[in-house]
Amino acid sequence: MIFPNKAPCFLLLAAACIFCGCSAFRSSTQTLSITSNVPDAKIKLNAEEHALPFEEDVSRSTVWNITCEKEGYVFQQQIIDYHLNTTGWLDLVGAALIDVPIIGLFFPGAFSLETTSVHFELQPEGDAVASGD
């Protein structure tokens, strides 16, 4: 054997790849972009205020409640959920065959946000059409 000390390291790495599932090796974040037709509007992500335009890496396994408001404009809200992505499904199928890759489903890399780009089109409060007149 030419590299006798390298064999255990290779075996440990191979075991980690087999036993963890692919999702364990994916990024735990995704880039979320938020814009508005009113550039100085205030946005909040899960009650934390941010400036527009917003573009940051956020957790891919979190439900994001996004609000956009400005005085004189109609308040808007959007909720972004997440779902099991292709890598997560592969871990699930692997778990059915081998059992162990199910560990990958415990990592954020198994999920993806429903959308990664949000645009709020704020309307002035006076533009609301009254019904029943």
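I started with F106, which counts as exposed because its relative accessibility is 71%; exposed means over 50% relative accessible area, buried under 20%, and partly exposed in between (1.4 Å probe, protein chains only).

Before going on, I noted that this is a predicted model, where local features need pLDDT of at least 70, side-chain atom pairs count only at pLDDT 80 or more, and totals for chains, interfaces and linings use all residues. Residues are numbered from 1 along each chain as its sequence is written, and side-chain values use heavy atoms, with hydrogens and water left out.

I placed F106 in the loop between α2 (86–98) and β8; helices (H or I, at least four residues) and strands (E, at least two) are DSSP runs, numbered from the N terminus.

**Aromatic rings.** I searched the whole structure and got 1 aromatic pair. Y82 and F111 are its partners, edge-to-face at 5.3 Å centre to centre with 80° between the planes. (Rings of Phe, Tyr and Trp, the last by its six-membered ring, pair if their centres lie within 6.5 Å; planes under 30 degrees apart are stacked, over 60 edge-to-face, the rest tilted.) The pair links distant parts of the chain, with Y82 in β7 (residues 82–84) and F111 in β8 (residues 111–113), 29 residues apart. Y82 is partly exposed, because its relative accessibility is 30%.

**Salt bridge.** My count here was 1, taking a side-chain nitrogen of Lys or Arg within 4 Å of a carboxyl oxygen of Asp or Glu. The partners are D40 and K70, at 2.7 Å from N to O. D40 sits in the β1–β2 loop and K70 in the loop between β5 and β6 (76–80), so the bridge ties together parts 30 residues apart in sequence. D40 is partly exposed at 48% relative accessibility, and K70 is partly exposed at 27%.

**Core.** The largest nonpolar core has 17 residues, and L32, I34, L45 and I66 touch the most other members. Such a core is a set of buried Ala, Val, Leu, Ile, Met, Phe, Trp, Tyr and Cys residues joined through side-chain atoms within 4.5 Å. Its largest share, 3 residues, comes from β5. I also listed contacts of I34 (heavy atoms within 4.5 Å): leaving out residues up to four places away in sequence, I34 touches I43, L45, L52, P53, F54, I66, V118 and F120.
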